[in-house]
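Please open the structure in your viewer and keep the selection panel at hand.

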Amino acid sequence: MAEEIATLAGGCFWCTEAVYQNLKGVQSVESGYIGGQLPDPTYEQVCSGATGHAEAIRIAYDPQVISYGDLLDIFFATHDPTTLNRQGNDVGTQYRSAIFPHSPEQEAEAQTAIARAQADHGNPIVTTIEPDAPWYPAEDYHQKYWERVGDRNPYCMAVIPPKLAKLRKGFAERIES
């Protein structure tokens, strides 16, 4: 089984991780930090907005089951790529919409996916394509957050179910049953 990696930042990593957790072909999803200056940052440091990191997810997937393009289409359908450094009430560069390609092929596919997604959005997409950078896994208590405790968190209950509804509506065939 082949494995490739996709790294995406679309706001709060709890919310983004929940979208990808049960997709066919996704082997694992890890929440973490990427794109900043401080080595091995903590959640509190990233939340301050001073490190330059984005809250992101790293997806290990089988490209023979789900393509990078499919992962990107899901990404654009389940967050707002038209708000700069913001997702809902989460504001700051740590919540930016960004793609961190791991190869020239992924970078080209990211550019194509942005153009493809623009047709579904009235405002310009502001998602950035940023160079791959050191990846720092988030603390253990952030991993699989929705699956473990999300239904007891009012913030998650307000944000994640609508994302999952969009996923089911547009990509039902991609979800594991």
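The stops below begin with the overall fold and end with pairs of charged residues.

**Stop 1: the whole chain.** Please bear in mind that this is a predicted model. Display the protein chain as a cartoon, and six helices and eight strands can be traced. Starting at the N terminus, the elements follow the order β-α-β-α-β-α-β-β-β-α-β-β-α-α. The C-alpha trace spans about 40 × 35 × 35 Å along its principal axes. For 177 residues, a compact globule would have a radius of gyration near 16 Å, and the value of 15 Å for the protein chain agrees with this.

**Stop 2: contacts and surface.** Show all atoms of the chain. Of the contacts between residues at least 6 apart in sequence, 75% join residues at least 24 apart. Buried residues account for 48% of the 177 residues.

**Stop 3: the charges.** Colour the residues by charge. How many salt bridges does a search of the whole structure find? The search finds five, and the remaining stops visit some of them.

**Stop 4: arginine 174 and aspartate 70.** Select both residues and show their side chains. They form a salt bridge in which the closest N and O atoms are 2.6 Å apart. This pair links distant parts of the chain, 104 residues apart: aspartate 70 belongs to helix H3 (residues 68-77), whereas arginine 174 lies in the segment after helix H6 (154-171). Arginine 174 has a relative accessible area of 22% and is therefore partly exposed.

**Stop 5: arginine 116 and aspartate 73.** Which residue forms a salt bridge with arginine 116, with the closest N and O atoms 2.8 Å apart? The partner is aspartate 73. Because arginine 116 lies in helix H4 (residues 104-118) and aspartate 73 in helix H3, the pair ties together parts that are 43 residues apart in sequence. Arginine 116 is partly exposed, at 35% relative accessibility, and aspartate 73 is also partly exposed, at 24%.

**Stop 6: glutamate 109.** Glutamate 109 counts as partly exposed, with 26% relative accessibility. Finally, display Asp73, Glu109 and Arg116 together: these residues are linked in a network of salt bridges.

Conventions:
Residues are numbered from 1 along each chain as its sequence is written. This is a predicted model: local features need pLDDT of at least 70, side-chain atom pairs count only at pLDDT 80 or more; totals for chains, interfaces and linings use all residues. Side-chain values use heavy atoms; hydrogens and water are left out. Helices (H or I, at least four residues) and strands (E, at least two) are DSSP runs, numbered from the N terminus. The radius of gyration is taken over C-alpha atoms; the globule rule is 2.2 Å times the number of residues to the power 0.38. Buried means under 20% relative accessible area, exposed over 50%, partly exposed in between (1.4 Å probe, protein chains only). Contact means heavy atoms within 4.5 Å. A salt bridge is a side-chain nitrogen of Lys or Arg within 4 Å of a carboxyl oxygen of Asp or Glu.
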